[in-house]
Amino acid sequence: MSDVSVIGTGVMGSALVEALAASGAEVAVWNRTTDKAETLSGPRVRIAQSVAEALTVSPLAVVSVSDHELARTLVEGAGPDLQGKAVASTSFATPEQSRAFAAIVSAAGGGYLDLSILAYPSEVRSGAGVFFISGDRTAYEAHRERLEQIGRASYVDEAPGAAYISEMAVLLAYLPMAVGLLQGLRICEQHDLPMEWFKKTVVELYPFHIRSLLDRVPPEADSSVSSVEASVEVWGEGAAEYAAYLRELGLDAGMYDALHRLFAAASEAGDGDADWTCIAGHTATR
């Protein structure tokens, strides 16, 4: 028997295997391409010969494959006895998809968990993973210590899919922000602004602005409120100005063009003078 099994040894799956083994766990590993799994073999890592074996030799099996449908197919098709076992999937899924997966595991006597990973593989490998978890509370409590040995685990809710929805809510702003930061670095390069100054300023300024934004979000748009400091119209004009200058610099302005369309749509809907934080309630067509 092993302490935990990992099904799928891609970049993230391999990182999970290494982190778990480094934490002292005995790990069983299965991958469709056996050679890839064998590169992870070691004193605490052994190769399972099938998905069914991987699911039954450990009290906890983490399925880390490319998509949710494949994860569900592997578990459903293996036909193992999951009585008393926990199955955790790392692939993003809608609540409906997670409920269907949970039903399969539950019908076999096991507990299903969504395991959303908010960290790069290198961070997981070093034991600094960040995990959002939802699903069977009993299964989570049974394996909480194991997961906390490789990072920070936060239980979200019993509802299947809640971890993935929470991940999306938290990380939705990250990609456009990251693209904006990378473009900001290019602007600094083109204007001979010090890189270290840019990094230091961003790290110091962003936390303040993020906290300020989240603290002041009004419950609904209200153009009559006299305390509006930045309106939809103001931010719309700003987005247009940013887009124009990005084009001058030879950088892609598509993200700010899209934002300008969104703010324009909000203005056309009558919220031009409202606090700009109402923007999430609007949509714009191309």
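A pocket is defined on a 1 Å grid over the protein atoms alone, as an open set of points with protein on both sides within 12 Å along at least five of seven lines, and its lining residues have an atom within 4 Å of a point. Grid points are joined across faces, edges and corners, and the volume is the space filled by probe spheres set on the points. The model is a predicted one, in which local features need pLDDT of at least 70 and side-chain atom pairs count only at pLDDT 80 or more, while totals for chains, interfaces and linings use all residues. Residues are numbered from 1 along each chain as its sequence is written, and side-chain values use heavy atoms, with hydrogens and water left out.

Returning to the largest pocket, 45 residues line it, and Met 177, Trp 235, Tyr 256, Leu 259 and Trp 276 are the closest to its centre. Two or more lining residues come from each of α8, α9, α10, α11 (232-248) and α12 (254-271). Helices here are DSSP runs (H or I, at least four residues), as are strands (E, at least two), and both are numbered from the N terminus. The biggest contribution to this lining is that of α10, with twelve residues. Sorted by class, the lining holds 34 nonpolar, nine polar and two charged residues. In this scheme Ala, Val, Leu, Ile, Met, Phe, Trp, Tyr, Cys and Pro are nonpolar, Asp, Glu, Lys and Arg are charged, and the others, Gly among them, are polar.

The second largest pocket has a volume of about 290 Å³. Its lining includes Met 12, Ile 117, Tyr 120, Pro 121, Glu 123, Val 170, Leu 171 and Tyr 174. Both α6 and α8 supply at least two residues of this lining, which counts ten nonpolar, no polar and one charged residues.

Tyr 120, Val 170, Leu 171 and Tyr 174 are among the members of a nonpolar patch, together with Met 177, Leu 205, Tyr 206, Phe 208, Ile 210 and Leu 214, and the accessible area of the patch is about 970 Å². Patches are made of residues with over 30% relative accessible area and no salt bridge, with like charges joined within 9 Å and nonpolar side chains (Val, Leu, Ile, Met, Phe, Trp, Tyr) within 5 Å. Accessible areas come from the Shrake-Rupley method with a 1.4 Å probe, and for residues only the protein chains shown count as cover. At least two patch residues come from each of α8 (162-171), α9 (174-190) and α10 (195-216), and α10 gives the most, with five. Tyr 120 sits in the loop between β6 and α6 (121-125). With a relative accessible area of 51%, Tyr 120 is exposed (buried means under 20%, exposed over 50%, and partly exposed in between, with a 1.4 Å probe and protein chains only).

Another loop residue to look for is Asp 192, between α9 and α10. Asp 192 has a positive phi of about 55° although it is not a glycine, and its relative accessible area of 71% makes it exposed.

Inside the protein, one cavity of 30 Å³ or more is counted, where a cavity is a set of grid points at which a 1.4 Å probe fits but cannot get out. The largest cavity holds about 30 Å³ of space. Leu 60, Val 62, Ala 88, Leu 113, Leu 115, Ile 133 and Leu 147 form its lining, to which β4 (60-63) and β6 (111-117) each give two or more residues. This lining has seven nonpolar, no polar and no charged residues.

Side chains of opposite charge can pair when their charged atoms come close. The whole structure contains 13 salt bridges, each a side-chain nitrogen of Lys or Arg within 4 Å of a carboxyl oxygen of Asp or Glu. One of them joins Arg 44 and Glu 26 at 3.0 Å, N to O. This pair links distant parts of the chain, 18 residues apart, with Arg 44 in the loop between α2 (34-38) and β3 (45-47) and Glu 26 in the loop between α1 (11-22) and β2 (27-30). Arg 44 is partly exposed at 35% relative accessible area, and Glu 26 is partly exposed at 31%. In the salt bridge of Glu 53 with Arg 46, the closest N and O atoms are 3.1 Å apart. Within helix α10, Asp 215 and Arg 211 meet at 3.8 Å, N to O; these two are separated by about one helical turn because they lie four residues apart in the helix. Finally, salt bridges that share partners join Arg 137, Glu 141, Arg 144 and Glu 148 into one network.
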